[in-house]
Amino acid sequence: MKKVLIFAGTTEGRKLSEYLAEAGINHTICVATEYGEIVLKQHPLVKVHQGRMDQEQIERFLANGKFDVVVDATHPFAKEITCNIQAALKEMEQIGIVIPYLRLKRGGIAERENGIAYFASTEACVKALEGTEGNILLTTGSKELYKYCVSDRIKHRLYVRVLPSVESISLCMGQGIQGKQVIAMQGPFSTEMNEAILRQYGIAYLVTKESGAPGGYQEKINAAKRAGAKIFVIGCPEGGEGYPFSKICQKLEEIGVEIFQTEKQIKGNMEIILAGIGMGHANCLTKEVEKAIGEADILLGAERMLQAACSKAEKHPFYQAEQIIPYLHDIQSGNLWMENKKVVVLFSGDSGFYSGCQYLYPVLEKEILEGRLRASLCSLPGISSVSYLAACIGESYQDAAIYSMHGKKLCNLVRRIKNSPKTFLITSGVKDINQLGEMLIDAGMQKCEIITGYQLSYKGQRVERHTPLECMGLKGEGLYTCLIRNPYAMRARLTHGIADGQFIRGRIPMTKEEIREVSICKLRLKSGAVVYDIGSGTGSVAIEIAGISDDLLVYAVEQNHEAVSFIEKNKKEFGLVNITVVEAVAPEGLAGLPMATHAFIGGSNGRLKQILAALRQINPNMRVVVNAVSMETICEMREVLSMDGMVNEEAVQLQVSRAKKAGSHHLIQSGNPVWIFAFDFSGGGAKCQQCLPHADQNGV
């Protein structure tokens, strides 16, 4: 078996040792200090050497140990030990002993940011600090502490965070750093912990090394920004040499280190977080979301969100399931030695409020439950633009109607606004605001007030009040959320029931009010239903149904051209866009329409059986209501209901009498009796044998 030697001193070095131990690989790990040994996990396959070594000592150690490969996992700033290791290996080559050398490269070095002072060396940083005032938090360790203590202008202002080891504290004491200036703690430190220390000691300057993700670099940067401390960073000296953790494992395998593990042991798991980031500005992030972004290995989301995210993570502009799922599969299948990954997907606003999160979450959940992804899944809320705008203007929103037309068409918007004294609306941009103003003016609602929130939370934020006419003229492109105050607001009706006199009808026959209401009740409509109104006449039934709920879709099928024009007029009169008028003869005119869940037949023109056959072919589980006035239709329905394939049959006969005033008296006028037949097709039951031949003759 190959003998592996690891020079540690970093989190990655410890992780590599633990990984090899779990894989059944005997190896030796070298650490410089007693504390370095203490933090290692004890394992029977791991031999630990503690103590600093120079080049000659390393040469002797290599020769005595007869190692087959050396992994340098020392700190990127520990240049001396790396040089000694490399020099020792070159000397070994001179005597014919070639030992492969692998450099474990620290990952997660963040892109450099504006507003941070970077220095090529500690000396340059010290020189810059001499010209400052205020307390300094030094998070660069104790080894180079003496360089800062040379200057009296710096020494008395220092607060030094070091490891809680005898060696570190002794170095502090040796440089005259008083006990109250020493913070002896072991990381990792969260952003919140860093911020607490900065505030506790009144720190004006944070000094850190560009140490990457394992060194807690980003958490320090985030904390300093929150606490208002200036940031001095000593740049990472390490270039492009070396391999990340996963590649080191692969290189060891190529050298001959036989890592025997099951796929489940080898491959890491993902922690997937779907995070609401509010309106977009960093100040509006919740602490929990900010922490998730700071700790992420991979960030996904729309381009504008990724650009605003302050993170060390790898970023990809994916936000739809069809992009994200294949990408996550590729990560887990393409890298045999993958570490655990934290993947954060960013969504604007609140993850549970008109968010793409609601579509992605169940898809990811299914992938996990069915074993195609090894991951945990959770979502984090954000601040919605509605709650933010409401706070800006001191308004409540628990008693408001709230809708979104961001990236989608919103059905019956004016009608929705009419039914509420205040409506919050999320839009896609200025064109939606222009259109909103136009619709309100067309509906005679000029007195509505529109409060627009433009670029909420950003530097250019504007909260303004407009009339509908002013909204039509707005030109500034960007993100808008608005509140519409409606002085015309009517209380929404809880039942359907429009008086006959409210319809535009001319001489076209119309299903009368009481018959209409009972017939609609017999349809037993459900949310999301698709309804055919066949023989629609003036469209009274279609209008009533469409007005019950904005998520119902109604297709009014009528062959009479004059009647069709009345349906269109009534549709406009009641402000309903969830009605589609179809000028056609049934059943032929049903071809190509979306599959209905329900059908009302108010007129069949003698083709009732053909229409029923066509409806059954469209949806064998449809609910159907038929109104019959003539003896012929009543007799035909008696035959239909006696056939197989019909269930839940009902037959109700209504005759409505109305009182009409005549002078000082009221005369009773009786309407024609109407039969209301209701039934369901039985799905997989026997076909309506007498209907089908007729349907074939008519090409259905």
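At 19% relative accessibility, Glu 395 counts as buried, where buried means under 20% relative accessible area, exposed means over 50%, and partly exposed lies in between, with a 1.4 Å probe and protein chains only. The partner of Glu 395 is Arg 485, and the two form a salt bridge whose closest N and O atoms are 2.9 Å apart; a salt bridge is a side-chain nitrogen of Lys or Arg within 4 Å of a carboxyl oxygen of Asp or Glu. Because Arg 485 lies in strand E21 (residues 480-485) and Glu 395 in the loop between helix H17 (385-393) and strand E17 (401-404), the pair ties together parts that are 90 residues apart in sequence. Here helices (H or I, at least four residues) and strands (E, at least two) are DSSP runs, numbered from the N terminus. Arg 485, at 26% relative accessibility, counts as partly exposed.

This is a predicted model, in which local features need pLDDT of at least 70 and side-chain atom pairs count only at pLDDT 80 or more, while totals for chains, interfaces and linings use all residues. Residues are numbered from 1 along each chain as its sequence is written, and side-chain values use heavy atoms, with hydrogens and water left out.

**Salt bridges**

The structure holds 34 salt bridges, and the table gives three of them.

| Salt bridge | Closest N and O atoms |
|---|---|
| Asp 72 and Arg 103 | 3.0 Å |
| Arg 199 and Glu 195 | 3.1 Å |
| Arg 485 and Glu 395 | 2.9 Å |

Arg 199 and Glu 195 both lie in helix H9 (residues 191-200), four residues apart, which is about one turn of the helix. Arg 199 counts as partly exposed because its relative accessibility is 49%, whereas Glu 195, at 11%, counts as buried. Both residues also belong to a network of salt bridges that links Glu 192, Glu 195, Arg 199, Arg 226, Lys 287 and Glu 290.

Asp 72 and Arg 103 are both buried. Asp 72 is in strand E4 (residues 69-72) and Arg 103 in strand E5 (residues 101-103), 31 residues apart, and the pair links distant parts of the chain. These two residues are also bridge partners in the pairing of their strands, for E4 and E5 pair in the parallel sense over three bridges; two strands pair if DSSP finds at least two bridges between them. Strand E4 pairs in the parallel sense with strand E1 (residues 4-7) as well, over four bridges, and there Val 4 has Val 69 as its bridge partner. Within E4, Val 69 and Val 71 point one way while Val 70 and Asp 72 point the other way, and all are buried.

An open sheet of five strands has the order E14-E13-E15-E12-E16, with parallel pairing. Strand E14 (314-316) and strand E16 (375-380) stand at the edges with a single partner strand each, so one side of each is left without a neighbour in the sheet. From one strand to the next, the twist averages 20°. Strand E13 (residues 298-300) runs parallel to strand E15 (residues 341-347), and three bridges join them, among them the one that pairs Ile 298 with Val 343.

Helix H13 (residues 287-295) lies across strand E12 (270-276), E13, E15 and E16, running at about 130° to E15. Helix H16 (residues 357-369) also packs on the sheet, touching E12, E15 and E16, and its direction makes about 165° with that of E16. Such angles run from 0 to 180 degrees between N-to-C directions, and the axes are lines fitted to C-alpha atoms, for helices over the stretch in contact.

Two packed helices are described by the angle between their axes and the distance between the axes. The axes of helix H10 (residues 217-227) and H13 come within 10 Å and cross at roughly 145°. In this contact (heavy atoms within 4.5 Å), Glu 219, Asn 222 and Arg 226 of H10 meet Lys 287, Glu 290, Gly 294 and Glu 295 of H13.

**A buried and an exposed residue**

Thr 423 is placed in strand E18 (residues 422-426), and at 0% relative accessibility it counts as buried. Leaving aside residues up to four places away in sequence, Thr 423 touches Ala 401, Tyr 403, Arg 416, Ile 417, Cys 482, Leu 483 and Ile 484.

Ser 670, in strand E29 (residues 665-670), counts as exposed at 53% relative accessibility. The C-alpha atoms of Ser 670 and Ser 657 are separated by 4.1 Å, although the two residues are 13 residues apart along the chain.
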